[in-house]
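Subject: Structure handover

Hello,

Here is the structure we talked about. Please open it alongside this note. My findings follow below.

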Amino acid sequence: QITGPLLALTSGAPGLRFRAPVPAGARIPARGRPRGATQHRSGTLVKSETAVHVVGSERPSLLYTSLILYQG
């Protein structure tokens, strides 16, 4: 649980994969989920994964893993 006043810093993007093209005018919803959190000397480091899909396609067009450092 992260509480109190926070500063969120992008700490990195260890994974960014473009897996399929996106046609012009396509609807592209994104869905994200946390993949873990660890204590860091400066706060809490949260790893999350986001998938972007073209509506009607089962395969994601983009997979993005991000690291956010929360300080507070």
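First, a term: two strands count as paired if DSSP finds at least two bridges between them. Strands themselves are DSSP runs (E, at least two residues), while helices are runs of H or I with at least four residues, and both are numbered from the N terminus. On that basis, an open sheet of four strands has the order 1-4-3-2, with antiparallel pairing. Strand 1 and strand 2 (30–40) stand at the edges; each has a single partner strand, so one side of each lacks a neighbour in the sheet. On average, neighbouring strands of this sheet are turned by 20° against each other, direction ignored. For that angle, axes are lines fitted to C-alpha atoms (for helices, over the stretch in contact), and angles run from 0 to 180 degrees between N-to-C directions.

Two notes on the source. This is a predicted model: local features need pLDDT of at least 70, side-chain atom pairs count only at pLDDT 80 or more, and totals for chains, interfaces and linings use all residues. Residues are numbered from 1 along each chain as its sequence is written, and side-chain values use heavy atoms, with hydrogens and water left out.

Overall picture
The protein has zero helices and four strands. Along the sequence the pattern is β-β-β-β. Its radius of gyration, taken over C-alpha atoms, is 15 Å; a compact globule of 72 residues would have one near 11 Å. The globule rule is 2.2 Å times the number of residues to the power 0.38. The C-alpha atoms fill a box of roughly 40 × 20 × 15 Å along the principal axes. Buried residues make up 24% of the 72. Buried means under 20% relative accessible area, exposed over 50%, and partly exposed in between (1.4 Å probe, protein chains only). The protein exposes about 5400 Å², and carbon and sulfur atoms supply 53% of it. Those areas come from the Shrake-Rupley method with a 1.4 Å probe.

Strand 3 and its partners
Strand 3 is mostly covered, with seven of its ten residues buried. Strand 2 pairs with strand 3 in the antiparallel sense over ten bridges. The two form a hairpin, with two residues between them. Nine bridges join strand 3 (residues 43–52) to strand 4 (residues 62–71), again antiparallel. Thr 50 stands opposite Tyr 64 in strand 4.

Two residues to check
Which residues does Leu 62 contact, leaving aside its neighbours within four places in sequence? They are Leu 16, Arg 17, Phe 18, Thr 50, Ala 51 and Val 52. Contact means heavy atoms within 4.5 Å. Leu 62 is in strand 4.

Is Thr 3 buried or exposed? Thr 3 counts as exposed because its relative accessibility is 55%. Thr 3 is in the segment before strand 1 (7–18). Thr 3 and Leu 45 are 42 residues apart in sequence and 14 Å apart in space, C-alpha to C-alpha.

Best wishes
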